[in-house]
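Here are a few exercises to work through with the model open beside you. Try each task before reading its solution.

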Amino acid sequence: MSDSLPNSVTAHPVDSGEHSEIIRPAAVLESRVAARVLTWLRESDVSLDGVWNASASLWQRYDRPWDGPGGTRGTSSLIGSLAVMYDAPNRYEVTIYKVTITPLGVAANWTVKRLCEDALAPTGLTLAMLPRANLANAPLVDPFRR
């Protein structure tokens with residue numbers, strides 16, 4: 001199930017069952033593309049019967065909308081996530097620098113490529129088509145990982 005991308009480094013955390021890929025050089029969504037993706041992610045929010053939960057640094061893809069009490073996660077499970085930086089390398093641009101597929105996502109045949117294309121769906125672009133940038137200030141480790 002190789003889904004290797006050109007110019008990227010793949011890392012497999014020990015015994016976790018997840019698949020993570022550091023995107024180097026990082027993939028850049030120029031401002032118009034970023035605006036389209038961000039609008040789509042808001043419209044596809046888990047609280048609005050969608051499957052995406054997007055924050056300022058992490059876009060998370062779930063297997064179903066959140067169905068728990070008070071809008072909580074409930075029975076939905078995380079498929080994977082894209083680590084992103086806003087306003088990098090330029091204002092209004094968004095940079096994708098890491099993609100992680102959870103063990104559930106791996107078992108359901110999700111790949112780095114498929115997850116990225118799902119997030120990029122409204123643009124018709126793929127991760128391979130995006131411009132690249134070497135970012136000196138991109139996190140080297142996942143800030144959300146213990």
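**Exercise 1.** Find out how many salt bridges the structure holds, and which residues form them.

*Solution.* This is a predicted model, and it holds three salt bridges. Start with Glu 30 and Arg 32, whose side chains meet at 3.7 Å, N to O. Next come Asp 63 and Arg 64, with an N to O distance of 3.4 Å. Then there's Arg 61 with Asp 118, where the closest N and O atoms are 2.9 Å apart. That pair ties together distant parts of the chain: Arg 61 sits in strand β4 and Asp 118 in helix α3 (residues 112–119), 57 residues apart.

**Exercise 2.** Decide whether Arg 61 is buried or exposed.

*Solution.* The cut-off for buried is under 20% relative accessible area. Arg 61 comes in at 12%, so it counts as buried. Now look at what surrounds it: the contacts of Arg 61 beyond four places in sequence include Trp 52, Leu 78, Gly 80 and Trp 110. For comparison, go back to the Glu 30 pair: Glu 30 is partly exposed at 26%, while Arg 32 is exposed at 62%.

**Exercise 3.** Work out which strands pair with β5, and why β5 is largely enclosed.

*Solution.* On one count, β4 (residues 58–62) runs antiparallel to β5 and is joined to it by five bridges; Leu 58 stands opposite Ala 83 there. Strand β6 (residues 94–101) also pairs with β5 in the antiparallel sense, over seven bridges, with Gly 80 partnering Ile 101. Finally, check burial: seven of the nine residues of β5 (residues 78–86) are buried, so the rest of the structure largely encloses this strand.

Technical notes:
Residues numbered from 1 in each chain as written. Predicted model: local features only at pLDDT ≥ 70, side-chain atom pairs only at ≥ 80, totals over all residues. Heavy atoms only, no water. Buried < 20%, exposed > 50% of the residue type's maximum accessible area, 1.4 Å probe, protein only. Helix = DSSP H or I, 4+ residues; strand = E, 2+ residues; numbered from the N terminus. Pairing = 2+ DSSP bridges. Contact = heavy atoms within 4.5 Å. Salt bridge = Lys/Arg side-chain N within 4 Å of Asp/Glu carboxyl O.
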